[in-house]
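Hi there,

Here is the structure I promised to send over. Have a look when you get a moment; my notes follow below.

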Amino acid sequence: MSDLREGWVIEGEAAGCAYAIIQVGGEVRAFDGCCPCTGGPLGFGAIRDGLLVCPWHGWRFDVETGVM
């Protein structure tokens, strides 16, 4: 994935489902693309202090485990 840089988030789609794709520590990870808060687009979020942050309401998910 040449568009994906370390610490960045991009939106991807497979089988009609949106995903937030990140690269952390050289590993690519995918998260559900819809935040459980109100369906915010996690693929347009940001990584801050090891957390994937929803762009709509700031909900945070650990980039290692996906846990809120």
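The side chain of glutamine 23 has a polar atom 3.1 Å from the backbone oxygen of leucine 4. Do keep in mind that this is a predicted model. Glutamine 23 belongs to strand E2, which covers residues 17-24. With a relative accessibility of 17%, glutamine 23 falls under the 20% limit and therefore counts as buried. Setting aside neighbours within four places in sequence, the residues in contact with glutamine 23 are Leu4, Arg5, Glu6, Gly7, Trp8 and Val28.

Now to the charged side chains. The count of salt bridges is 2. In one of them, arginine 29 meets glutamate 27, at 2.9 Å from N to O. Arginine 29 also forms a salt bridge with glutamate 64, with 3.2 Å between the closest N and O atoms. This second pair links distant parts of the chain, 35 residues apart: arginine 29 is in strand E3 (residues 27-32), while glutamate 64 is in the segment after strand E6 (60-62). Through shared partners, the salt bridges join Glu27, Arg29 and Glu64 into one network.

How buried or exposed are the members of this network? Arginine 29 is buried, at 18% relative accessibility. Glutamate 27 is partly exposed, at 44%, and glutamate 64 counts as exposed because its 53% is over the 50% limit.

Best wishes

Technical notes
Residues are numbered from 1 along each chain as its sequence is written. This is a predicted model: local features need pLDDT of at least 70, side-chain atom pairs count only at pLDDT 80 or more; totals for chains, interfaces and linings use all residues. Side-chain values use heavy atoms; hydrogens and water are left out. Helices (H or I, at least four residues) and strands (E, at least two) are DSSP runs, numbered from the N terminus. Buried means under 20% relative accessible area, exposed over 50%, partly exposed in between (1.4 Å probe, protein chains only). A polar contact is a pair of N or O atoms within 3.5 Å; within protein, one must be able to donate a hydrogen and the other to accept it, and residues adjacent in sequence count only if both atoms are side-chain atoms. Contact means heavy atoms within 4.5 Å. A salt bridge is a side-chain nitrogen of Lys or Arg within 4 Å of a carboxyl oxygen of Asp or Glu.
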